[in-house]
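Q: Please take a close look at the sheet in this model, including its strand order, its hairpin and the helix packing beside it.

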Amino acid sequence: MAKQSIKLTARNKRIRRIRTKITGTPERPRMRVFRSNRHIYVQIIDDTQHRTLISMSTEDKEFEAADLKGKVAQAGRVGEMAAKRALAAGIAKVVFDRGGNLYHGRVKALADGARQGGLNL
C-alpha cells in the first residue's frame, strides 16, 4: 500500500474537521471550493438531499479569462459568475466551505467575488 504524504493527511484532517461543523440546508446551502494548481472549482450543495445545485469553474464553457491576468483574478471572476447562477436559481445565502485550504489568495478572491456578485456568505 502506498504511503500518503503528511501534507495530504493534514489537509484531509482539516476537511473532516470543517465538515463536522458546516452543513448545507435547502435555505442556506454549502458553497464548497476546490483548488488545484491550475484551476479553481466551486459547487453549491444541498447536504440534506445530497445534490449539487450549482457548479462553476475556470474550465466552464461560459468562463473567459482572456482579459484576466493571473489565477487570483480568475478566481474572483468564478466567484462572481457562481453568484449570478445562484441568484438566478433563487439562492441568496450560502455557507462557505473552504475545503481545507487557507482563507487566503485564490480562495479569498473567490469568496470576495461571490460577495460582489450578490451572495451573502
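A: What follows goes through the sheet, then the hairpin, then the helices.

This is a predicted model, in which local features need pLDDT of at least 70 and side-chain atom pairs count only at pLDDT 80 or more, while totals for chains, interfaces and linings use all residues. Residues are numbered from 1 along each chain as its sequence is written, and side-chain values use heavy atoms, with hydrogens and water left out.

The sheet is open and consists of four strands in the order 3-2-1-4, with mixed pairing. Strands (E, at least two residues) and helices (H or I, at least four) are DSSP runs numbered from the N terminus; two strands pair if DSSP finds at least two bridges between them. Strand 3 and strand 4 (95-97) are the edge strands, each pairing on one side only. From one strand to the next the twist averages 20°.

Strand 1 (residues 30-35) pairs with strand 2 in the antiparallel sense, over six bridges. Here Met31 stands opposite Ile44 of strand 2. Strand 2 and strand 3 also run antiparallel and are joined by six bridges; Ile45 has Thr52 of strand 3 as its bridge partner.

The hairpin of strand 2 and strand 3 has four residues between the strands. His50 lies in this loop, between strand 2 (40-46) and strand 3 (51-57). Its phi is positive, about 55°, although His50 is not a glycine. Most residues other than glycine have a negative phi. His50 is exposed, at a relative accessible area of 69% (exposed means over 50%, with a 1.4 Å probe and protein chains only).

Helix 2 packs on the sheet and touches strand 1, strand 2 and strand 3; its direction makes about 140° with that of strand 3. Contact means heavy atoms within 4.5 Å. Angles run from 0 to 180 degrees between N-to-C directions, and axes are lines fitted to C-alpha atoms, for helices over the stretch in contact.

Helix 2 (residues 71-88) also packs with helix 3 (residues 106-116), at an angle of about 35° and with the axes 7 Å apart. The crossing is right-handed, meaning that the near helix is turned clockwise from the far one by less than a right angle. Among the residues making the contact are Val72, Ala75 and Gly79 of helix 2, and Ala109, Leu110 and Gly113 of helix 3. The contact residues divide into seven nonpolar, four polar and three charged; Ala, Val, Leu, Ile, Met, Phe, Trp, Tyr, Cys and Pro count as nonpolar, Asp, Glu, Lys and Arg as charged, and the others, Gly among them, as polar.

Methods: Buried < 20%, exposed > 50% of the residue type's maximum accessible area, 1.4 Å probe, protein only.
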